[in-house]
Amino acid sequence: MALGAKRLPIPDDLRDVVDDEEDDEWRSWGASHSRGPGRGGGPPPDLSRMDPAALQAELLHGQTGPSFGFVKLRPGTPRSREDVVGIATRWSNVLRTGSVEAKFVAVDFGTLMFTMEKGRDVLEMKEFILSQTEAYEFKIGDQVFRRPGDPPLDQVLDKLQKQKGHKSKEEL
């Protein structure tokens, strides 16, 4: 209180006071906003008419709770334990700067496991992982994602095994 300021008396009986300072936004604060079954508040999408790629995207977008999955690193590249831990740390830090709460952990020399607090960020995570040169395959639940045109990981591993077999026979 400023020196010399006059104090205004506040009466105990406030029944005649009109409180009109609140706007509609203030009144609705904290109330649940039911948007309906669809993402944008409209009716749910017709899943029977969606192509498989759109269906997967719709199902992935609907996840809201914690999620986890695995990333297979590009096969055929020798890596040390420090290399794999470095990839996991770098990816965790980069995603954190984009407000995606994800943590990567090295499982073995070719696999990272990730956990996410908010499953709704899984599409951003997928785009990020598939944009990284070290990543080959992204798996969450039963769904596996690769870059367009990349063969399944099993085929690549078989091809690498055959190449190793030919090299060892040539060396003899």
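A salt bridge is a side-chain nitrogen of Lys or Arg within 4 Å of a carboxyl oxygen of Asp or Glu. In this predicted model, the side chains of glutamate 134 and arginine 90 form such a pair, at 2.5 Å from N to O. The pair links distant parts of the chain. Glutamate 134 lies in the loop between H4 and E4, arginine 90 lies in helix H3, and 44 residues separate them. Glutamate 134 counts as buried because its relative accessibility is 18%, under the cut-off of 20%. Arginine 90 has a relative accessible area of 37%, so this residue is partly exposed.

A search of the whole structure finds 4 salt bridges. Among them is the one between the side chains of aspartate 13 and arginine 15, at 2.9 Å from N to O. Aspartate 13 is partly exposed, with 42% relative accessibility. Arginine 15 is exposed, with a relative accessible area of 74%. Another salt bridge joins the side chains of arginine 147 and aspartate 150, at 4.0 Å from N to O. Aspartate 150 is partly exposed, at 23% relative accessibility.

The overall layout comes next. The protein chain has 5 helices and 5 strands. From the N terminus on, the elements follow the order α-α-β-α-β-β-α-β-β-α. The chain holds 172 residues, and buried residues make up 24% of them.

The largest nonpolar core contains 22 residues. Val71, Trp91, Phe104, Leu112, Met125 and Phe138 touch the most other members of this core. Six elements each supply at least two of its residues: strand E1 (67–73), helix H3 (81–97), strand E2 (102–108), strand E3 (111–116), helix H4 (122–131) and strand E4 (135–140).

Tryptophan 91 is one of those core residues. Neighbours within four places in sequence are left aside here. Beyond them, tryptophan 91 is in contact with Val71, Leu73, Phe104, Leu112, Phe128, Gln132, Glu134 and Ala135. Glu134, another partner of tryptophan 91, is the residue that forms the salt bridge with arginine 90.

Glutamine 132 is also a partner of tryptophan 91. Glutamine 132 is found in the loop between H4 and E4. Its relative accessible area is 16%, so glutamine 132 is buried. Its side chain makes a polar contact with the side chain of serine 131, at 3.2 Å. Not counting residues up to four places away in sequence, glutamine 132 touches Trp91 and Arg147. Arginine 147 in turn takes part in the salt bridge with aspartate 150.

Leucine 14 is placed in the segment before helix H1 (24–28). With a relative accessible area of 48%, leucine 14 is partly exposed, because exposed residues must have over 50%.

Definitions and conventions. Residues are numbered from 1 along each chain as its sequence is written. This is a predicted model: local features need pLDDT of at least 70, side-chain atom pairs count only at pLDDT 80 or more; totals for chains, interfaces and linings use all residues. Side-chain values use heavy atoms; hydrogens and water are left out. A nonpolar core is a set of buried Ala, Val, Leu, Ile, Met, Phe, Trp, Tyr and Cys residues joined through side-chain atoms within 4.5 Å. Buried means under 20% relative accessible area, exposed over 50%, partly exposed in between (1.4 Å probe, protein chains only). Helices (H or I, at least four residues) and strands (E, at least two) are DSSP runs, numbered from the N terminus. Contact means heavy atoms within 4.5 Å. A polar contact is a pair of N or O atoms within 3.5 Å; within protein, one must be able to donate a hydrogen and the other to accept it, and residues adjacent in sequence count only if both atoms are side-chain atoms.
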